[in-house]
Amino acid sequence: MKGLRYQLKSVLHDRFCLMTFLLPIVAAAALQFVGAIDFSALGELHFGVLKGDLPTQTLTWLNRYGSVTAYPTAEELTDAVKEPSTNLIGVKADGSGIKTILSGDELDIFRQTADTLPDLYKQRNTTGQTEVHILERPNVMAGFQDMLIAVTLIVAMFMGCTFNAMNMISEKEDGVALINEILPMTHSQYIMQKLFVGFICGCLSSTITVCICFRLSLQNAALMLMLIVLSAFVAALTGVFIGRASGGLMVGVVYIKIVMLLFMAVPILRFLVGTCPPLLSAVCYLVPSQATFEGIMDLSAGSGTAAVKDILILVVHCLLWFLLYLLLSRRQRKSA
């Protein structure tokens, strides 16, 4: 217990570890705040017209599709259309029809609307007799918000890697590692101390992040807890590997960044690509964060079928990584 208390005190004095612990929690709170903001107004159409240029019937027709702002002069209308921060579509009279004015920096959806608007105005009498079915607009941001939440949880779950690696590297640089070698402490006790700190801190940060981001049923909460425990254990083992392999602080930081980029990049790319060949999907599961990411996305959708499979994959990862570490440790002791 004294050794564990010492390890925890060492972590509390490390600002890098504290920042790693708090970062996922702050990011989860920020994502929840952003999720409460309504972005639907960004897709609304805005038209600019000259005062007295268009008849009242035309203005009424434009109001059906978006807001209309009247400008007193042509210069003011042109300046409003050219304003980079807006997607304003200028509308002027063109004989019995209308024409649109664009600056050229608008999004594709607004350029397509501007190109279609004059023809739509010509056919307004015909289209007025057509039965209109308004389809529900899909919320594109919702899918990406779930992805960002899942990535934030991965960072929280695998932060034990940073804890253990930085702790072991700092002990090497301060000479504490030499003292540990002559203490009356077995190799298994030493490893348990190192795994315990990163494992507990990773589980705690992940649990707080889950409480902020999700409202799960009891069954899904149990599955999420298993994902957290297994992912935190794999991360703690990875941190021990990095701590053993790193000869200095800068080398350790490079290794940590490479591992974290790999843990985040593989599931994100797999999510963005969508359907891929079975062999490529199997290769992605060689990175443990892929199973974690898939399980989180499955639980966020209210299901739990894929999460059970992902938990089994993480169990295999835990066993293989732990056996690999025992094998390397035994070889190192024999060579010593």
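Modeller: A patch here is built from residues with over 30% relative accessible area and no salt bridge, with nonpolar side chains joined within 5 Å. The model is predicted. By that rule, Val 251, Val 254, Tyr 255 and Ile 258 make a nonpolar surface patch of about 330 Å². Ile 258 lies in helix H12, which covers residues 249–273.

Now to the inside. In soluble globular proteins, nonpolar side chains tend to be buried together. The largest nonpolar core in this chain has 44 residues, and those with the most contacts inside it are Met 157, Phe 158, Phe 214, Met 224, Phe 293 and Ile 296. Several helices give two or more residues to this core, among them H7 (140–157), H10 (187–213), H12 and H14 (288–300). Helix H11 provides the largest share, nine residues.

Leaving aside neighbours within four places in sequence, Met 157 is in contact with residues including Gly 202, Met 224, Leu 227, Ala 235, Thr 292 and Ile 296. A second, separate core has 13 residues, including Phe 47, Leu 54, Ile 98 and Phe 110.

As for the whole chain, there are 15 helices and four strands. Of the 336 residues, 40% are buried. Among contacts with a separation of 6 or more, 70% are between residues 24 or more positions apart. The accessible surface comes to about 19,400 Å², and carbon and sulfur atoms account for 66% of that surface.

Conventions:
Residues numbered from 1 in each chain as written. Predicted model: local features only at pLDDT ≥ 70, side-chain atom pairs only at ≥ 80, totals over all residues. Heavy atoms only, no water. Patch = residues over 30% accessible without salt bridge, like charges linked within 9 Å, V, L, I, M, F, W, Y side chains within 5 Å. Areas by Shrake-Rupley, 256 points an atom, 1.4 Å probe, with all protein chains shown as cover. Salt bridge = Lys/Arg side-chain N within 4 Å of Asp/Glu carboxyl O. Core = buried A, V, L, I, M, F, W, Y, C linked by side-chain atoms within 4.5 Å. Buried < 20%, exposed > 50% of the residue type's maximum accessible area, 1.4 Å probe, protein only. Contact = heavy atoms within 4.5 Å.
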